[in-house]
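Please look over the structure shown here. The paragraphs below lead through some of its parts in turn.

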Amino acid sequence: MELCDLSAQELVRLLRQKKTSAVEILQSTLERIGQVDGRPGALDQKTNEQDKEKIHSFITLTDQHALQQAAAVDADLAAGKDPGPLAGVPFTVKDIFCVKGTPSTAASRILANFKSPYTATAVERMQKAGAVMVGKVNLDEFTYGSSTESSAFQPSTRNPWDTHTVPGGSSGGSAASVAAGEVPLSLGTDTAGSIRQPAAFCGVVGVKPTYGRVSRYGLIAFASSLDCPGPVARTVHDAAAMLQVIAGADVHDSTAATIPVPDYLDRLEAGVKGMRIGLSPDYSRIVFPDPKTGEFQEQALPGEIEASVRHAAEVLAAMGAEIVEDVPMPNTRYGIPVYFVISRVEAASNLHRYDGVKYGLRTDQPYTDLRQMYKLSRNQGFGLQPKLRILMGMYVSAAQYSEQYYQRALRVRTMIRRDFETVFDPAGKYRLDALLTPTTPTTAFEMDAVYGDSVLMQYADQLTVPANHAGIPGLSLPGGLDTKELPIGIQLLGADYSEQKLFQIGRAYEMVTENEDWRKVKPKALR
Amino acid sequence: MSEQITPEIFDHLVDLASLELRADQAEYLRKQLNNQLKAIRELEAIPGDANLPISLHGVSYAVAESPAPREDEWHPYPDAKEILSQAPQLEDDYIVVPDIPHTTLK
């Protein structure tokens, strides 16, 4: 086992015991990247046969800067200073966060030449904690997707468990870089499931914190009422340690909550005795429209995914948790239609700023006036997915349709929120500490199998998006492998600011299942 | 099922969005928009309750949990040139744009 395969927790311990150095850890990381990653994503690059065997997590590798950071950590340690709780731990950053002096592309041609003049709060806090940023990783363009295939920077990221399948998205580069042992931690964002779904597909841990728990300052906006930065890690402990660092109030973000951040590690291994964990039939089926007829179909989830959730429930029950069956979550099925409206309205609004004037791409084609310059720049700079979101957002928020679509969606959002309030109410009928569900309706699908069908792709988030509408936290963790040896993700959802409890349950499950056979199987890229 | 977004509505949206599309892009995008609207129609089946409040955010913003509003404060940026250098066209620290079209209102 190489240094880069160790958890952040183990790396910090070895570093503090002076059994290794931050520079040695970084060298191991860079060596792994060299072995498995292949060429980074770039504009106007076509995927060749060789590319199909590699991971392609990165858009920008910041190895030289990382070396300086690692050397500074080693110097601090040698001088007897405390270099921070994540000292020397390499991490990647989804390229939707601004980092001063680095390209901050959002995986879009329109921002390909943009270098941010400032650093996002979450990244800054990681660096202040001693973590070493090794680069910016790939994503769906502006985070619009669930497979990372819509990136303008190709080859897009591939799944380390099988490079012919997608890593999920939009934080595909984050999840793949962690799963492939390139880094133990990555900073992602979750708007409809964009941390949890790729974490499930890549067999790692992903956390969508409560909305407002982590500052959005420096995050290039998609849907401002839904976007949540959060950790991707290989273990629950590491995810908790990372959230500990990035969470908390921020003067730069008026939506960042001022509620004190609890010690997430304090009760991490306190077990689940007496906790009430719910199972809902509304999370064991998906409902989606037939693209031709528009008729809605209901489909049960694959048996292997159901079995993983059931197994987790049994494991937690054996540890003293009370499993509450048949918890009704009747508005789960509306999560995607509501998302189609709300996220598009917010995305369209956020994308109007890209106009070829102050920064980003301005067309190289001839134009006669400002309006034509806007049109040519935006047409050249945006890929199909941003264009689709702009057009839908404008349609459903138009004055004559607003009541029919936008206002209605905001009301249904209330209904989704109330589902959760009812089951987490400590004085209510269910009094749940957490809801246990599958993270995704399927395991990782083949590259090119779904991309292009914007409706089917969106339904990949059906089990994750309700948490975004409600603002509540969610934790996805590995729950087994399917017959193709692709990871299955299980999800824990909790009340506002209950991350500590979710970590506690997740860690309990992790401890009890640590010797199960599926945990010994490595991603194909590492065999 | 008839298409809600006709070619005429679509062209109007494209113009409002300041986009200019190739024919193949327009065909794909219009088809996807109509497919998405089919999914959104599911919301119409939900019994309407005009008294149900809307949620702009999932988590409520209680005063005790939110930063207190403050006056806007002006701070000089230490390196204005760094920001200006991102502009596609500059002249003497002014951002240059092409002619602004004017329409005379009736």
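**A strand, a helix and a contact**

In this predicted model, strand β5 (residues 205-208) of chain A is joined by 2 bridges to strand β6 (residues 228-233) of chain A, and the two run antiparallel. Across this pairing, A:V205 stands opposite A:A233 in β6(A). β5(A) also pairs with β12(A), again in the antiparallel sense, over 3 bridges. There, A:G206 has A:S476 of β12(A) as its bridge partner.

Are the residues of β5(A) buried or exposed? Both faces of the strand are covered. A:V205 and A:V207 lie on one side, A:G206 and A:K208 lie on the other, and all of them are buried.

Strand β12 (474-481) of chain A leads on to a helix, as β12 is among the elements that cover the buried residues of α8(A). Helix α8 covers residues 303-318 of chain A and has 16 residues. From its first C-alpha to its last it reaches 22 Å, close to the 22 Å expected at 1.5 Å a residue.

Which residues of α8(A) are buried? They are A:I305, A:S308, A:V309, A:A312, A:A313 and A:L316. Seen down the axis of α8(A), these buried residues fall within an arc of 135°, so they line one face of the helix. A:G303, A:E314 and A:A318 are exposed on the other side of α8(A). Besides β12, the cover over the buried residues includes β7 (276-278), β10 (322-324), β11 (434-438), β13 (487-493) and α15 (499-512) of chain A. Just after α8(A), A:G320 takes a positive phi of about 110°.

The next part is the contact between the two chains. Chain A gives 61 residues to the contact and chain B gives 46 residues. On the side of chain A that touches chain B, at least two residues each come from α9 (335-351), α10 (370-381), α11 (384-396), α12 (403-424), α13 (454-458) and α14 (465-470) of chain A. α12(A) supplies the largest share of that side, with 10 residues. By type, the residues of the side of chain A that touches chain B are 36 nonpolar, 13 polar and 12 charged.

Last come the confidence values. The model scores ipTM 0.94 and pTM 0.97. Chain B has an average pLDDT of 90, and 99% of its residues score at least 70. Where in chain B is confidence lowest, and where is it highest? Confidence is lowest in helix α3 (residues 80-84) of chain B, at a mean of 91, and highest in helix α1 (residues 7-16) of chain B, at 96.

Technical notes:
Residues are numbered from 1 along each chain as its sequence is written. Chains are lettered from A and ligands numbered from 1 in the order in which they are written. This is a predicted model: local features need pLDDT of at least 70, side-chain atom pairs count only at pLDDT 80 or more; totals for chains, interfaces and linings use all residues. pLDDT is the predictor's confidence in each residue, from 0 to 100. Helices (H or I, at least four residues) and strands (E, at least two) are DSSP runs, numbered from the N terminus. The expected span of a helix is 1.5 Å times one less than its number of residues. A residue is buried if 20 or more other C-beta atoms lie within 10 Å of its own, exposed if 12 or fewer, and partly exposed in between; C-beta atoms are placed from the backbone. The arc is that of the directions from the helix axis to the C-beta atoms. Two residues are in contact if their C-beta atoms, placed from the backbone, lie within 7 Å. Ala, Val, Leu, Ile, Met, Phe, Trp, Tyr, Cys and Pro count as nonpolar, Asp, Glu, Lys and Arg as charged, and the others, Gly among them, as polar. Two strands pair if DSSP finds at least two bridges between them.
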